Amino acid sequence: MFRVEHPTPVRSLSVAVTNNAVIGVALGYIEANPDEMDLMRSLVVLALHGPAITARSTTPAHVTCRAAIVSPDWHVLEIMDSSTSTWHLPGGHVDAGASSLLGAA
């Protein structure tokens, strides 16, 4: 596996990815995985009625993004979280410069 040290993230309260964009992705996921509708219901309701669902300050939950990056020979990219000394898929909180959830990942 490839491993890369993760830099300290830039924090911002301004979010470009809208709640409607998150709802659209969630509904697409539900369409492809109808058995998981109950798992997604709370996310959709919170996005419909709450503040910016991608803002770090949104409680009781907010959206973060991760991506599985796999090489042709099946190596998976992981990032070291220096604050917890654990390995994760690349991604994390949605920063203000992200124009999509895929871009945030």
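User: Is Ser-71 buried or exposed?
Analyst: Ser-71 is buried in this predicted model. Its relative accessible area is 19%, and the cut-off for buried is under 20%, so Ser-71 falls on the buried side.

User: Where does Ser-71 sit in the chain?
Analyst: In a loop. Ser-71 lies between strand 2, residues 64–66, and strand 3.

User: Which side chain does Ser-71 touch through a polar contact?
Analyst: The side chain of Asp-73, at 2.3 Å.

User: OK, on to strand 3. In which sense do strand 3 and strand 4 pair?
Analyst: Antiparallel, over three bridges. Strand 3 covers residues 77–81, and strand 4 covers residues 86–88.

User: What stands opposite Asp-81 there?
Analyst: Thr-86, which belongs to strand 4.

User: And how many residues are between the two strands of that hairpin?
Analyst: Four. One of the residues in the turn, Ser-85, has a positive phi of about 55 degrees.

User: Let's zoom out. How many helices and strands does the protein chain have?
Analyst: Three helices and five strands. Along the sequence, they come in the pattern β-α-α-β-β-β-β-α.

User: What is the average pLDDT of the protein chain?
Analyst: The average is 84, and 86% of the residues score at least 70.

User: Where is confidence lowest, and where is it highest?
Analyst: Lowest in strand 1, residues 2–5, with a mean of 48. Helix 1, residues 19–32, is highest at 94. Over residues 4–15 the pLDDT is below 50. That stretch still has 21 contacts in the model beyond near neighbours in sequence.

User: Back to burial. What share of the protein chain is buried?
Analyst: Buried residues make up 25% of its 105 residues.

User: Last one. What share of the contacts with a separation of 6 or more comes from residues 24 or more positions apart?
Analyst: In the protein chain, such residues account for 59% of those contacts.

Notes. Residues are numbered from 1 along each chain as its sequence is written. This is a predicted model: local features need pLDDT of at least 70, side-chain atom pairs count only at pLDDT 80 or more; totals for chains, interfaces and linings use all residues. Side-chain values use heavy atoms; hydrogens and water are left out. Two strands pair if DSSP finds at least two bridges between them. Buried means under 20% relative accessible area, exposed over 50%, partly exposed in between (1.4 Å probe, protein chains only). A polar contact is a pair of N or O atoms within 3.5 Å; within protein, one must be able to donate a hydrogen and the other to accept it, and residues adjacent in sequence count only if both atoms are side-chain atoms. pLDDT is the predictor's confidence in each residue, from 0 to 100. Contact means heavy atoms within 4.5 Å.
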